[in-house]
Amino acid sequence: MAVNLLDFDLEGLAAFCDSLGEKRFRAVQLFRWIHQKGESDFDKMSDLAKSLRGKLAGAAVVESLPVISEHVSADGTTKWLFDVGDGNAVETVYIPEDDRGTLCVSSQAGCAVGCRFCSTGHQGFSRNLSTGEIIAQLRYAEHRLRGPDGQRVIDNVVMMGMGEPLQNYTAVVPALRVMLDDHGYGLSRRRVTVSTSGMVAMIDRLREDCPVALAVSLHAPNDALRDALVPINRKDGIEALLDACLRYVEAAPRDFITFEYCMLDGVNDAPEQALELVHLVRRRRVPCKFNLIPFNPFPESGLKRSPRERVTAFAKVLQDADIVTTIRKVRGDDIDAACGQLAGEVQDRTRARERLLERRRTIPIAAAEDPR
């Protein structure tokens with residue numbers, strides 16, 4: 001069976017070329033054709049030896065993902081739905097901003113973590129994506145969006161789409177290396193972000209193998225609430241997670257960790273909880289910034305978005321403590337492309353959706369005391 005060359009980082013492609021009796025420089029040439037030029041037809045790779053093109057024709061393919069749909073928001077956000085086979089589809093989102101263009105990439109068909117506020121988790125889980133399927137999202141968007149003179153518009157990639165990236169570690173790390181490689185997409189480590197729900201052991205592995213910017217989905221100031229919102233917290237807890245963050249910063253391209261915090265009305269948005277966060281990160285001396293995310297409601301969650309004034313008051317508590325805090329602007333919500341809205345189409349092989357709904361029935365979320 002022909003191998004998909006999108007599954008290889010440069011070292012993997014060099015090993016494949018070696019198996020064909022070709023030298024490393026041929027792998028570099030091939031890598032550039034595939035990623036920088038977006039070419040899939042070996043016959044059009046003009047500086048490859050004809051003999052190599054013949055070998056590749058029988059042994060390899062450059063297989064992209066079929067595009068099911070493309071939707072463009074009123075604010076310029078673009079969302080693609082990609083077919084990954086067997087009734088599954090994943091979503092990828094491009095967000096244009098004044099100073100950068102960000103692509104949000106999926107790593108799994110569905111998600112098994114089951115965060116209470118995430119519509120992807122409510123779709124269930126089918127499987128991990130391959131390295132090639134992850135890179136195919138970037139490759140398509142990169143060449144689809146290039147201007148008439150070939151100018152690039154994507155300079156920021158975030159692994160914040162469907163799935164928990166660190167549960168698909170063996171496919172995600174080679175994909176990160178392709179993104180960072182100067183012969184591939186040449187992105188800065190500071191501009192590639194992995195977002196995780198908090199897998200402590202895997203954060204430590206990423207620190208050793210491919211440290212990029214790290215965002216941690218925190219969403220609560222204590223274990224009791226985080227256990228209910230982010231079930232994976234029951235394995236290690238917030239203290240162990242913060243220890244991993246401190247270790248990660250030592251090798252990270254940025255000198256801080258971004259904590260994502262989805263604002264849920266009456267659940268985690270009280271000023272007292274903001275103060276609890278202040279005490280938590282100060283006590284542990286975690287260099288960090290907070291990104292407060294307006295919740296994007298969907299019926300199955302049973303949750304509501306915090307009012308704007310509530311989010312602003314929460315942010316002020318953090319900012320008054322000299323913690324850098326931003327409120328994420330809602331982008332693409334008219335095409336269901338905002339944070340937490342990516343759902344795609346998932347064949348729930350693991351009954352993740354069923355378990356999540358059962359957890360909602362049996363483990364109620366204690367509401368925050370409302371001082372209003």
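This is a predicted model: local features need pLDDT of at least 70, side-chain atom pairs count only at pLDDT 80 or more; totals for chains, interfaces and linings use all residues.
**Exercise 1. A charged network**

Which residues are linked with Glu-239 in a network of salt bridges?

*Solution.* 
Step 1. Begin with the membership: Glu-239, Asp-243, Arg-283 and Arg-284 are linked by salt bridges into a network.
Step 2. Now pick one pair. The side chains of Arg-283 and Glu-239 form a salt bridge, with 2.7 Å from N to O.
Step 3. Check the surroundings. Arg-283 counts as exposed at 54% relative accessibility, while Glu-239, at 34%, counts as partly exposed.

**Exercise 2. Two further salt bridges**

How many salt bridges does a search of the whole structure find?

*Solution.* 
Step 1. The search of the whole structure gives 19 salt bridges.
Step 2. Glu-133 and Arg-127 meet through their side chains at 2.8 Å, N to O. Glu-133 has a relative accessible area of 14% and is therefore buried; Arg-127, at 22%, counts as partly exposed.
Step 3. Asp-236 and Lys-235 also form a salt bridge, at 4.0 Å from N to O. Here Asp-236 is partly exposed, with a relative accessible area of 32%, and Lys-235 is exposed, with 67%.

**Exercise 3. A lysine in a strand**

Is Lys-79 buried or exposed?

*Solution.* 
Step 1. Locate the residue: Lys-79 lies in strand β4.
Step 2. The relative accessibility of Lys-79 is 8%, so the residue counts as buried.
Step 3. Look for a partner. The side chain of Lys-79 is in polar contact with the side chain of Glu-91, at 3.3 Å.

**Exercise 4. Strand β9 and its neighbours**

Which strands pair with β9, and what is the hand of the crossover from β9 to β10?

*Solution.* 
Step 1. On one side of the pairing question is strand β6 (residues 101-104), which pairs with β9 in the parallel sense over three bridges. Within β9, Val-158 is the bridge partner of Cys-104.
Step 2. Strand β10 (residues 192-196) pairs with β9 as well, in the parallel sense and over three bridges. Within β10, Val-194 is the bridge partner of Met-159.
Step 3. Follow the chain from β9 through helix α6 (residues 169-180) to β10: this β-α-β crossover is right-handed.
Step 4. Look at the faces of β9 (residues 156-159). Asn-156 and Val-158 are buried on one side, and Val-157 and Met-159 are buried on the other, leaving both faces covered.

**Exercise 5. Cysteines**

How many disulfides does the model hold?

*Solution.* 
Step 1. Recall that a disulfide needs two cysteine sulfur atoms within 2.5 Å. The count by this rule is zero.
Step 2. For Cys-118, the nearest cysteine sulfur belongs to Cys-111 and is 6.3 Å away, and Cys-118 is in no disulfide.
Step 3. Cys-118 is partly exposed, with a relative accessible area of 22%, whereas Cys-104 counts as buried at 10% relative accessibility.

**Exercise 6. Positive phi**

Where do Asp-86 and His-219 lie, and is each one buried or exposed?

*Solution.* 
Step 1. Most residues other than glycine have a negative phi.
Step 2. Asp-86 has a positive phi, near 55°. Asp-86 sits in the loop between β4 (78-85) and β5 (88-96) and is exposed, with a relative accessible area of 69%.
Step 3. His-219 has a positive phi too, near 70°. Its place is the loop between β11 (213-217) and α8 (223-229), and at 3% relative accessibility His-219 counts as buried.

**Exercise 7. The whole chain**

What does the secondary structure of the protein chain come to, and how does its radius of gyration compare with the globule rule?

*Solution.* 
Step 1. The chain has twelve helices and 14 strands.
Step 2. Its radius of gyration is 21 Å, close to the 21 Å from the globule rule for 372 residues, so the chain is as compact as a globular protein of that length.
Step 3. Along the principal axes, the C-alpha atoms fill a box of roughly 75 × 40 × 40 Å.
Step 4. Of the 372 residues, 55% count as buried.

How values were computed. Residues are numbered from 1 along each chain as its sequence is written. Side-chain values use heavy atoms; hydrogens and water are left out. Buried means under 20% relative accessible area, exposed over 50%, partly exposed in between (1.4 Å probe, protein chains only). Helices (H or I, at least four residues) and strands (E, at least two) are DSSP runs, numbered from the N terminus. Two strands pair if DSSP finds at least two bridges between them. A crossover is right-handed if, with the strands pointing away from the viewer, the path from the first strand over the helix to the second runs clockwise. A polar contact is a pair of N or O atoms within 3.5 Å; within protein, one must be able to donate a hydrogen and the other to accept it, and residues adjacent in sequence count only if both atoms are side-chain atoms. The radius of gyration is taken over C-alpha atoms; the globule rule is 2.2 Å times the number of residues to the power 0.38.
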